[in-house]
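Biologist: I am new to this structure. Could you show it to me and take my questions one by one?

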Amino acid sequence: MSAEVLLDGDRLRRRLVDGGPYSALDVVAVTGSTNSDLAAAAARGAADRTVLIAEEQNAGRGRLQRQWISPRGAGLFVSVLLRPGVPPSAVGWMPLIAGVALAETVERTTGVPAGLKWPNDLLLGSDEDWRKGAGILSEAVAGPDGIALVLGMGVNVRQQRDELPTGAGGLPATSLAAEGADVDREDFAADLLGALAEVEGLWRDAGGDVVSTGLLARYRDRCRTLGQRVRVDLGDGDLHGEAVDVDDTGRLVVRTETGRTTAVSAGDVVHVRRS
């Protein structure tokens with residue numbers, strides 16, 4: 001991996017905080033986990049739409065407490081503290097609408113085909129060879145001002161294929177560079193956070209309604225899990241079938257070979273290749 005220019009916090013604040021959609025933004029050289037740091041800040045009453053970016057994480061976390069490897073300058077590791085005020089029943093949509101912002105930003109700014117694996121992975125490549133390029137983690141945190149959401153995104157930007165770990169969920173890992181995109185991380189960070197502000201603003205203004213805002217349709221359009229044969233690890237057993245829909249509560253609807261449909265709100269999903 002070639003030498004990387006470090007992110008400039010002052011420039012990002014001018015773009016995103018001074019007259020922009022965010023209230024605060026910091027860039028740190030290294031931390032354990034940006035999500036953990038913002039969760040602690042949320043518990044102390046930190047402001048809505050606070051952003052923390054790290055050049056390197058040494059204790060990054062994904063879903064199911066998986067480790068997220070994040071070497072210095074190789075990717076974009078960003079967390080956002082949000083107080084959207086949506087009903088509790090809607091908060092499960094946070095990682096899904098963040099995925100919409102991420103996939104749309106990648107394709108718009110790099111031209112790399114981008115899709116989503118339910119509920120929280122960015123896929124890069126093609127229908128024949130999707131690879132995992134990013135993970136998303138959303139956590140609810142209680143604080144003096146009520147419930148806040150801490151949204152984290154870890155995007156592989158500059159790693160070459162031989163520098164990438166094996167992907168989870170049956171998918172190999174990739175990066176924007178490995179897919180042929182030469183990305184300025186600072187511009188990408190600003191574009192992504194701007195897109196996130198757009199979708200999250202629509203969502204909060206509509207009280208978490210993903211139907212009237214068009215966010216459900218935008219998610220379904222990007223969700224490459226739909227139409228796939230899947231195996232869903234539910235903890236107490238596996239569900240096998242075809243993913244046929246994402247409903248308006250964000251659940252994945254799976255149809256088994258018997259024709260029965262089951263809506264899954266949480267679970268580890270593996271795309272099963274057809275023989």
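Predicted model: local features only at pLDDT ≥ 70, side-chain atom pairs only at ≥ 80, totals over all residues.

Biologist: How do you know how helix H3 and helix H4 are placed against each other?

Modeller: Two packed helices are described by the angle between their axes and the distance between the axes. The axes of H3 (residues 94-110) and H4 (residues 185-205) come within 9 Å. They cross at roughly 140°.

Biologist: Why is H3 called oblique to H4?

Modeller: Angles over 145 degrees count as roughly antiparallel, and 65 to 115 as roughly perpendicular. The crossing is at roughly 140°, so H3 is oblique to H4. The crossing is right-handed.

Biologist: Which residues of H3 and H4 meet?

Modeller: On the H3 side they include Met-94, Ile-97, Ala-101 and Thr-109. On the H4 side, Phe-188, Asp-191, Leu-192 and Trp-203 are among them. By class, this contact has 13 nonpolar, two polar and three charged residues.

Biologist: Why is Thr-109 called partly exposed?

Modeller: Thr-109 lies in helix H3. Buried means under 20% relative accessible area, and exposed means over 50%. Thr-109 has 35% relative accessibility, so it counts as partly exposed.

Biologist: What does Thr-109 contact, leaving aside its neighbours within four places in sequence?

Modeller: Thr-109 is in contact with Phe-188 and Asp-191. Contact here means heavy atoms within 4.5 Å. Thr-109 and Phe-188 are 79 residues apart along the chain, yet their C-alpha atoms are separated by 7.7 Å.

Biologist: Now the sheet. In what order do its five strands run?

Modeller: The order is S11-S10-S9-S8-S12, in an open sheet with antiparallel pairing. The twist averages 45° from one strand to the next.

Biologist: What makes S11 and S12 edge strands?

Modeller: Strand S11 (261-264) and S12 each pair on one side only.

Biologist: How do you know that S8 and S12 pair?

Modeller: Two strands pair if there are at least two bridges between them. S8 (residues 229-233) and S12 have five bridges, in the antiparallel sense, so they count as paired. Val-230 has His-271 in S12 as its bridge partner.

Biologist: How many bridges join S9 and S10?

Modeller: Strand S9 (residues 238-246) and strand S10 (residues 252-255) pair over four bridges, also in the antiparallel sense. Asp-245 stands opposite Val-253 in S10.

Biologist: What makes S12 mostly covered?

Modeller: S12 spans residues 268-272, and four of its five residues are buried.

Methods
Residues numbered from 1 in each chain as written. Heavy atoms only, no water. Axes fitted to C-alpha atoms, helices over the stretch in contact; angles between N-to-C directions. Helix = DSSP H or I, 4+ residues; strand = E, 2+ residues; numbered from the N terminus. Parallel < 35°, antiparallel > 145°, perpendicular 65-115°, else oblique. Left-handed = near helix turned anticlockwise from the far one by under 90°. Nonpolar A, V, L, I, M, F, W, Y, C, P; charged D, E, K, R; others polar. Buried < 20%, exposed > 50% of the residue type's maximum accessible area, 1.4 Å probe, protein only.
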